[in-house]
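The sequence and the structure come first.

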Amino acid sequence: MGQDNFAPQKRSSTGGGGGLPTIRNEAGAGGRDRGFPSMPRGRQMHKTFNNIKITILCGFVTILVLRGTIGVGNLGSSEAEAINQNLIEETNRILAEIRSDSDPTDPDESPETELNPNVTYTLGPKITDWDQQRKVWLSKNPEFPNFVNGKARILLVTGSPPNPCDNAIGDHYLLKAIKNKIDYCRLHGIEIVYNMAHLDKELAGYWAKLPLIRRLMLSHPELEWIWWMDSDAFFTDMVFEIPLYKYEKYNLVIHGYPDLLFEQKSWIALNTGSFLFRNCQWSLDLLDAWAPMGPKGPIREEAGRILTANLKGRPAFEADDQSALIYLLLSQKDQWMDKVFIENQYYLHGYWAGLVDRYEEMMEKYHPGLGDERWPFVTHFVGCKPCGSYGDYSVERCLRSMQRAFNFADNQVLKLYGFRHRGLLGPNIKRIRNETAIPLEIVDQLDIRRSVHGKTESKS
Amino acid sequence: MIGKCLGAQRCRKIHRTLRRCKVTVFCFVLTVVVLRGTIGAGKFGTPEQDFVEIRDHFYFRRRAGTHRVLEEVQTTSSDNEVASDTNAETNNYNDFELNKVLVDEESDDSKLDPDKPYSLGPKISDWDKQRSEWLKENPDYPNFIGPNKPRVLLVTGSSPKPCENPVGDHYLLKSTKNKIDYCRLHGIEIFYNMALLDAEMAGFWAKLPLIRTVLLSHPDVEFLWWMDSDAMFTDMAFEIPWERYKDSNLVMHGWNERVYDQKNWIGLNTGSFLLRNGQWALDLLDAWAPMGPKGKIRDEAGKVLTRELKNRPVFEADDQSAMVYLLATQREQWGDKVYLEHAYYLHGYWGLLVDRYEVMIETYHPGLGDHRWPLVTHFVGCKPCGKLGNYPVERCLKQMDRAFNFGDNQILQIYGFTQKSLASRRVKKVRNGSRNPIEVKDVLRSLHPAFKAVKVSSS
């Protein structure tokens, strides 16, 4: 009987317990009209709630206070990690200093003067008789001919900024790219100039190649051709030799498509990532005509607007050397085009996206020496920008592709030594030919250099 | 509960007080928290810092597992959340982990026979004869490109994997450009190696199988010049005195008494040396190699070397100590063809040289190659590509910059520019362009030295 008495209380109290969990006035404790036996129950629930609230609040405050004094970060960390952290901070400080563009002490530095837009920028004093001067020099210096072993003397010019890249991967691929160029040039008797200086502060960035090319032409009269190549271009056909005989009547050899240039006026009709300039007066004149859109600041910005307006597909940004050259050749077609050879029979510049996935197929079906879409001469990683922070493509895709191109080319070099890479991505190599006590038979077969012979003489 | 002890009236008073206290405490806490969120409270920090710290703590935990001391720490200002796979579809090079991508696609199926003694390759005993026959059959590839000028191949290299130090690759790049410049001026070809030819001879021993392979594949090369990747040319005008070595097959920087009498482990340096292509070189490599194979052999050999050589610390066998030991113990066999050169710095220890560059510029001129204007400045112990060297990072990197600029200045001056200072990356013009560049005689003479002249064929 006693139990029956309590049962209704229980039920009503659960109903009352679900009431508002707020702090209520004791006077109003009996907010709901319940029987007296149910009141303590409801109040007990409220009391419990209040206690829980207080507990939570106290716990929160304790944690805050403890954090302030002891700190959460010290839970579980050892001294070694603290030393690591110090070292990392120290190194980061040094790296930041190295990466910064600031020079330590320049007390004599005059403030940089703004280029006067009314004065036309020039690359240097005007020379009008370079062909004559060069001829004279060559005749006086027969031991430095412009043709060696029947081949015209070529200088490959490339470069990168003097500061470290924004990230370490960029420098690593610059290193691989220069090794790749060293290999090709050693096999083909070409000298390399790697430029890391801004010779002209007005023409910085992609324009820096102009003063550099001019300076090198004038300092090396024995050079017949100067070959500019971007730092993000890799040689992928180590056997292919540029067919210079095709260009005897031309002074500029550049990869592109005539219909894109003349009909569509596209801003990517030509590519200035890999081109050849003959060392002659015509080239000096072209460089002088090319340079005016380059000086940085308002000139370059304004020129950028003109180029975007006149060339198809060009986004809006400051003037770049490629668009400027296209615009120049289009607007002064009659003056220049007869000496310009637009080459597309082989990949003097090969846009990477269509090539890198087919390397395995190429290795199966074709052989080096073709230079065209079957075995591309140059694979150029336009848009990847590994030296910066952000490229136009996914980083993974770019780096995989660059590594594949590098290995693809390196395999051709290692073949002479009896090795090749284990796959196109990995760094390790494996032997493909047993060693022998008579190595020279194989050297005769495999040495890439032995395809070109000839005599030494000067040709004007 | 308390009410039972004290009485109902008291109890109610206490409850009231308690409730007021609760309210007070609660408001106080709220005030503190809000103030902290806005102003901050010294070492208590702000909630944003808390969040950042906690995030960094977890992120650091994840990275610390790779045991790298020097690594790029994400700047906290970046707005990328900590993704579990930072490689996926990002256009930001800073987020990328390259080592995940560079993976061998084929497995290593070469089997190493542990009982077979190590050898660099099949024994060749008539290399001189093979080579001279080849040279006769191939007159277009002579081993001498001038009367006193042998064909030289400079061999250097580095690891195919990115450096552990974030700026290591940049310094390798600069060092390579430096070598390209010297070699272009002196008619020397370069072979830059990025492949490990023999896994057993890894580390400093990797040069031995490489040198052997290159000698055998390039019979027209008369001298192979090995140069470490941390050595830079600092005298662009100095030409090696080849006639001095016409009877020698191996030229290293060092001192006879330190090697043969004292057996000092740094009595010579194998970071930069010349080796003539011939049977003698192959035999020397075969005699040099046995201490190299990694593992037990190298460790045991290391102990022998530490015991036998003066001042050598305890570590595994390295190629330099092994060379000292070889020469000191087998002098009669090798000594007469080894020239230990110290008249110029074929290898120049950087610690003694880098602080004096300004003095050198004032007092002397390029072309001397010795203590007055060193040919090579070799940054032994700096290890810019690795984790930790023997010297403080800052000193090493700054001095490498200075040495690079010291050498680069000499090239730029030929073209009419100079570095603004040894610490600067900027250049300035020192010579204006001319309308008659041919007549700027000094310039053209430096660029067209006699030893680069081509033999004109008499037809």
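## Salt bridges and surface patches

Lys179(A), Asp183(A), Arg186(A) and Asp410(A) are linked in a network of salt bridges, a salt bridge being a side-chain nitrogen of Lys or Arg within 4 Å of a carboxyl oxygen of Asp or Glu. This is a predicted model, in which local features need pLDDT of at least 70, side-chain atom pairs count only at pLDDT 80 or more, and totals for chains, interfaces and linings use all residues. Residues are numbered from 1 along each chain as its sequence is written, chains are lettered from A and ligands numbered from 1 in the order in which they are written, and side-chain values use heavy atoms, with hydrogens and water left out.

Over all chains, the count comes to 42 salt bridges.

| Pair | Closest N and O atoms |
|---|---|
| Lys246(A) and Glu343(A) | 3.0 Å |
| Lys123(B) and Asp283(B) | 3.2 Å |
| Glu300(B) and Lys303(B) | 3.4 Å |

The salt bridge of Lys246(A) with Glu343(A) links distant parts of the chain, 97 residues apart: Lys246(A) is in the loop between β6 (233-235) and β7 (252-256) of chain A, and Glu343(A) is in strand β9 (residues 340-343) of chain A. Helices (H or I, at least four residues) and strands (E, at least two) are DSSP runs, numbered from the N terminus. Lys246(A) is partly exposed at 28% relative accessibility, whereas Glu343(A) is buried at 0%. Here buried means under 20% relative accessible area, exposed over 50%, and partly exposed in between (1.4 Å probe, protein chains only).

Lys123(B) is exposed, at 54% relative accessibility; Asp283(B) is partly exposed, with a relative accessible area of 25%.

Glu300(B) and Lys303(B) both belong to helix α9 (residues 296-308) of chain B and are three residues apart, about one turn of the helix. Glu300(B) counts as partly exposed at 41%, and Lys303(B) as exposed at 52%.

How many residues of α13(A) are buried? The number is 17 of its 20 residues, and the helix is mostly covered. Helix α13 (residues 395-414) of chain A should span 28 Å, and its end C-alpha atoms are 28 Å apart, which agrees; the expected span is 1.5 Å times one less than the number of residues.

Patches are made of residues with over 30% relative accessible area and no salt bridge, like charges being joined within 9 Å and nonpolar side chains (Val, Leu, Ile, Met, Phe, Trp, Tyr) within 5 Å. Arg10(B), Lys13(B), Arg16(B) and Arg20(B) form a positive surface patch; Arg20(B) lies in helix α2 of chain B and is exposed at 55%. A negative surface patch consists of Asp126(B), Asp128(B), Glu133(B) and Glu137(B). Glu137(B) is in helix α4 (residues 127-137) of chain B and is exposed, with a relative accessible area of 58%.

Phe60(A), Phe28(B), Val32(B) and Val33(B) make a nonpolar surface patch of about 360 Å². Its largest share, three residues, comes from helix α2 (residues 8-38) of chain B. Val32(B) is in helix α2 of chain B and is partly exposed at 40%.

Key: Accessible areas come from the Shrake-Rupley method with a 1.4 Å probe; for residues, only the protein chains shown count as cover. Lys and Arg count as positive and Asp and Glu as negative; His and the chain ends are not counted. The place of a charge is taken as NZ of Lys, CZ of Arg, CG of Asp or CD of Glu.
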